[in-house]
Amino acid sequence: MALFAALIATAAAPARGAGPADAYPERPVQLVVPAGPGSSTDTIMRALAQSAAPLLGQPLVILNKPGASGTIGVSFVTRSEPDGYTIGGVPSGAITMAPHVAAQSFAASDYRIVAMITRAAGVLCVRPDFPAKTATEFLTELRNNPDKYTYGSDGVGAFVQFSTARIFQPAGIRQRIIPFSGADQTVTAFLAGTIDIYGGAIATIAQFAGEGKAKCLLLTTAQRSKTLPEVESLDDIRMGAAQTLLWRAVIAPRDIPQDRFDKLREALLRAAATEEFKTLAGKRGEEVWVISAEDAAKHATGEFTEMEQLAKLLQLKPN
């Protein structure tokens, strides 16, 4: 909790060293993505960069820095010069979940959330011959057969591990989690039969569900998804309180000048509001999420605290 306290305080406060807003940016801005090329976060951030570049008057150049559930990329951003020329396009787990599982070289007070970009549900899917047709049958099968099934996650301490724990733990379910570097690797292992259950972003599995190669049974959110409307939500099985959203945001080093922060935020929000970006996000099961910088910081703080408590309950410790 203490790690996140400074984030609220700095969300609206002017940072040191602010320069003339009309001179920025004078060169390309580096957008660090803590995931591999072709991943859901990479795809969303590349589309955002393309829409934002004309508004900033300079390109946003993607730099992929995957690894350690996204924290390698976050560390790179927080250690960068706070001049507005290095920012990060991050998934929620990299800043609210992974820090509770692996020791980090950054704290929440080392960055500011410039803008929330999208939010979405995660989904749990099985192969067509899995002995369950509904979410309730799925959870019953898992509960009645401890450690029988394997499920893939997008890394240790990332979104899937925490979102499934919020569902499985109160339901008395114990199954084997297999970490991968991202949802794209998870779906490859799932389709190859290496793991029994896919957990991750909707966009990565939706095509295969449409082709009948996957049977998606449960979302990680209280509401149903427009992309997979037939898949049950947590509200459908009376577990709405276990909701976990997968969201993506752009962050910057803590001491970024306030006028540059404001200019970036304006450009990013306008870019996310374009029809091209909203259409791409919608096709991937995501929706544009516009909230104030202060509310973004508060949301991240609350989620960080919830995930910290869950990590303690599950006895997950930094290594």
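In the predicted model, Arg-119 stands opposite Glu-287 of strand β11. The two strands concerned, β4 and β11, run antiparallel and are joined by 3 bridges. They belong to an open sheet of 6 strands, in which the order is β2-β1-β3-β10-β4-β11 and the pairing is mixed.

Helix α9, which spans residues 258–272, touches β3, β4, β10 and β11, and its direction makes about 10° with that of β4. Helix α10, formed by residues 275–283, also packs on the sheet, where it touches β4 and β11, and its direction makes about 150° with that of β11.

Helix α9 is also approached by another helix, α2 (residues 40–56), the axes of the two coming within 8 Å and crossing at roughly 125°. Because of this angle, α2 is classed as oblique to α9, and the crossing in which α2 passes α9 is right-handed. On the side of α2, the contact is made by Leu-48, Ser-51, Ala-52, Leu-55 and Leu-56, whereas α9 contributes Lys-263, Leu-264, Ala-267, Leu-268, Arg-270, Ala-271 and Ala-272. By residue class, the contact of α2 with α9 comprises 9 nonpolar, 1 polar and 2 charged residues.

Within the sheet, Ile-87 has its place in strand β3 and, because its relative accessibility is 0%, counts as buried. When residues up to four places away in sequence are not counted, Ile-87 touches Val-29, Gln-30, Leu-31, Val-32, Leu-60, Val-77, Val-250, Ile-251, Ala-252 and Leu-264. One of these residues, Leu-264, is also among those through which α9 contacts α2. The C-alpha atom of Ile-87 is separated by 9.6 Å from that of Tyr-111, a residue 24 places apart from Ile-87 along the chain.

Helix α3 (residues 71–78) is mostly covered, with 6 of its 8 residues buried. These buried residues are Thr-71, Gly-73, Val-74, Ser-75, Val-77 and Thr-78, and the elements against which they pack are β1 (29–33), β3 (86–91), α4 (92–96), β4 (111–120) and β10 (246–253).

Most residues other than glycine have a negative phi, and most peptide bonds are trans. A cis peptide bond, with omega of about -5°, joins Tyr-24 and Pro-25, and Pro-25 is found in the loop between α1 (2–10) and β1. Asp-147, although not a glycine, has a positive phi of about 65°; this residue is found in the loop between α5 (135–144) and β6 (150–153). With a relative accessible area of 32%, Asp-147 is partly exposed. Arg-238, likewise a residue other than glycine, has a positive phi near 60° and lies in the loop between β9 (215–219) and β10. Arg-238 counts as exposed because its relative accessibility is 82%.

Methods
Residues numbered from 1 in each chain as written. Predicted model: local features only at pLDDT ≥ 70, side-chain atom pairs only at ≥ 80, totals over all residues. Heavy atoms only, no water. Buried < 20%, exposed > 50% of the residue type's maximum accessible area, 1.4 Å probe, protein only. Helix = DSSP H or I, 4+ residues; strand = E, 2+ residues; numbered from the N terminus. Contact = heavy atoms within 4.5 Å. Pairing = 2+ DSSP bridges. Axes fitted to C-alpha atoms, helices over the stretch in contact; angles between N-to-C directions. Parallel < 35°, antiparallel > 145°, perpendicular 65-115°, else oblique. Left-handed = near helix turned anticlockwise from the far one by under 90°. Nonpolar A, V, L, I, M, F, W, Y, C, P; charged D, E, K, R; others polar.
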